[in-house]
Amino acid sequence: MIVMGIDPGYAIVGYGVVRYENNKFTPLDFRSITTPAGMPLEQRLEIIYDSLTEVFLRYKPEAVAVEQLFYQHNQTTVISVAMARGVILLCAQKCGVPFYEYTPMKIKQSVAGYGNADKQQVMEMTRRLLNLKEVPRPDDTADALAVAICHAHSSASALSRIEAVSKMGQYNTGGDRSTAFEGGNLKIRSSWGGNGYGAVLSKQRKKQK
């Protein structure tokens, strides 16, 4: 699975592309996109869109993940960041890549093991998980890699749970409750009721060129 994490912004956009196979991470690319101060916002957004499109087309990620946006005191800043997020979402949509968001607590828990970890702890664990010599800079790039790791862990956990369920029996079409999970090229449906418990698991993988 190839995942792209992005730390949105209009001055700096950090991104990281990782491959996750057999519980092991391999960093493929990580850097930041910067836009000149004083440049009109629409031009900065165009640079972000064009640059990210190149990355999407080069690595063909199966998912793109970002941290959820929370309200900030500076309304001008939060609006501009929201616009940048919109450009990222549009870019992912145009490239056919599913888009996911995670809370800061979820990212910390997934990377560092607990939701109250501080920034330095998350960055250090990101470095270790990716087997890097030093923490990526700027911080925006390290944050993007952490989000990518979070999505990879979350998707793998969901798959493991459903695979465990599927071993318990055949899919029960008469189940009175059902859940569904769909992420990237993974589609999962499960149901259970009075007549049994089971799951249907469907994986569709893109051929890597």
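Author: Cys91 is buried, at a relative accessible area of 1%. The model is predicted. Cys150 is buried too, with 0% relative accessibility.

Is Cys91 in a disulfide or in no disulfide? A disulfide is a covalent bond between the sulfur atoms of two cysteines. The rule used here asks for two cysteine sulfur atoms within 2.5 Å. By that rule the count is zero disulfides. For Cys91, the nearest cysteine sulfur belongs to Cys95 and is 4.5 Å away. Cys91 is therefore in no disulfide, as that sulfur is not within 2.5 Å.

Now step from Cys91 to Asp50. The two are 41 residues apart in sequence, yet their C-alpha atoms are 8.5 Å apart in space. Asp50 sits in helix H1, residues 41-59. Cys91 is buried, whereas Asp50 is partly exposed at 40% relative accessibility.

Next, the nonpolar packing. The largest nonpolar core has 22 residues. Which of them touch the most other members? They are Val18, Phe25, Tyr102, Ile107, Val111, Val122 and Leu130. Strands E2 (12-21), E4 (63-67) and E5 (99-102) each supply at least two residues of this core, as do helices H3 and H5. H5 gives the most, with seven residues. A second, separate core has 20 residues, among them Tyr15, Ile33, Val66 and Val87.

Leaving out residues up to four places away in sequence, Val111 touches Val122, Met125, Thr126, Leu129, Ala146 and Ile149. After H3 comes Gly113, with a positive phi near 100 degrees.

Finish in H5, which spans residues 139-166 and holds His151. His151 is buried, with a relative accessible area of 3%. Its neighbours within four places in sequence aside, His151 contacts Val3, Ala63, Ala65, Tyr100 and Tyr102.

Conventions. Residues are numbered from 1 along each chain as its sequence is written. This is a predicted model: local features need pLDDT of at least 70, side-chain atom pairs count only at pLDDT 80 or more; totals for chains, interfaces and linings use all residues. Side-chain values use heavy atoms; hydrogens and water are left out. Helices (H or I, at least four residues) and strands (E, at least two) are DSSP runs, numbered from the N terminus. Buried means under 20% relative accessible area, exposed over 50%, partly exposed in between (1.4 Å probe, protein chains only). Contact means heavy atoms within 4.5 Å. A nonpolar core is a set of buried Ala, Val, Leu, Ile, Met, Phe, Trp, Tyr and Cys residues joined through side-chain atoms within 4.5 Å.
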